Amino acid sequence: MTSPNRGARPGQSQPTLDPALVAELARELDAAEQNRKPIRQFTARYPDMTIADGYRISKQWVDLKLAGGRTVHGHKIGLTSRAMQQVAGITEPDYGTLLDDMVFEQGGDIPCDRFITPKVEVELAFVLARRIEGPNVTVFDVLRATEYVIPSVEIIDSRTTVVDAETGARRKVQDTISDNAANAGIIVGGLPMRPEKVDMRWIGAMLSRNAVVEETGIAAGVLNNPANGIAWLANRLAPWGEALEPGEVVLGGSFTRPVEARRGDVFNADFGPMGAIGFRFV
């Protein structure tokens with residue numbers, strides 16, 4: 001499996017950053033993750049950078065990891081809710097690549113030292129049985145290609161500063177995209193379900209931290225149906241000859257806000273009839 005080729009797409013502005021600078025910024029992200037020290041957001045340094053530049057940086061960073069021995073586990077889709085898109089000033093989601101070392105077991109301990117400022121989100125994961133290749137992928141194509149959907153939790157992180165110390169500006173969507181769509185970990189668990197056996201729009205979840213319910217939501221908050229996000233991603237990858245491959249896991253997007261995770265926090269994501277996912281940060 002290969003990482004997505006991320007450049008300018010129809011409707012996006014063209015890239016502005018020099019290829020050598022893109023490679024350097026990818027190395028900065030890699031060092032920030034390893035050292036667990038966030039770097040200054042890119043848009044504060046390069047205000048003219050575009051969404052296309054963000055995807056180029058993200059691809060360079062993923063390529064660095066693949067060259068170091070990591071493998072692709074799947075993909076994630078972010079900024080899927082209307083509220084989050086309005087905050088980010090965009091009209092469509094973003095996406096990133098899941099790697100093998102981002103996978104954690106349910107019921108286990110999550111090492112805080114792996115992250116900078118970890119947060120937890122509740123999602124549905126799609127495990128693919130068949131290749132999904134655009135263009136013109138529909139939600140029905142996604143349902144036919146999905147082996148099962150299963151409850152999941154995504155751990156997100158910020159390798160660039162959220163608020164710039166000099167200007168007070170919050171980071172922009174270009175920064176988040178550069179940061180591999182902020183993904184850092186994935187936990188799946190509960191009851192896997194065939195997509196035709198469940199109405200995904202009405203799957204709900206309660207996310208609790210230390211026995212206190214922090215967030216609740218239903219999956220319809222994700223583009224009306226999380227399967228729409230999978231179709232969107234397949235169509236976005238198509239111009240570059242990329243596709244979603246059998247065996248990959250694709251996170252369809254969060255239907256709760258991110259909840260901060262601290263050392264010692266015990267989380268439980270309760271999906272009702274689909275089971276629950278529990279874990280602890282240590």
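Which residues is Leu 244 in contact with, leaving aside its neighbours within four places in sequence? In this predicted model, the partners of Leu 244 include Leu 128, Arg 130, Arg 131 and Ile 132. Ile 230, Leu 233, Ala 234 and Leu 237 are also in contact with Leu 244. His 75 and Val 250 complete the set.

Leu 244 belongs to the largest nonpolar core, which holds 50 residues.

Eight aromatic pairs are present in the structure. One of them joins Phe 115 and Phe 281 in an edge-to-face arrangement. Their ring centres lie 6.4 Å apart, with 65° between the planes. Phe 115 sits in the loop between β4 (109–110) and β5 (119–128), whereas Phe 281 is in strand β13 (residues 276–281), so the pair ties together parts that are 166 residues apart in sequence. Both Phe 115 and Phe 281 are buried.

Phe 281 also pairs with Phe 279. Here the ring centres are 6.0 Å apart and the planes stand at 70°, so this pair too is edge-to-face. Phe 279 is buried, as is Phe 281. Phe 115, Phe 279 and Phe 281 belong to one aromatic cluster, together with Phe 104 and Phe 267.

Terms used
Residues numbered from 1 in each chain as written. Predicted model: local features only at pLDDT ≥ 70, side-chain atom pairs only at ≥ 80, totals over all residues. Heavy atoms only, no water. Core = buried A, V, L, I, M, F, W, Y, C linked by side-chain atoms within 4.5 Å. Buried < 20%, exposed > 50% of the residue type's maximum accessible area, 1.4 Å probe, protein only. Contact = heavy atoms within 4.5 Å. Phe/Tyr/Trp six-rings, centres within 6.5 Å; stacked < 30°, edge-to-face > 60°. Helix = DSSP H or I, 4+ residues; strand = E, 2+ residues; numbered from the N terminus.
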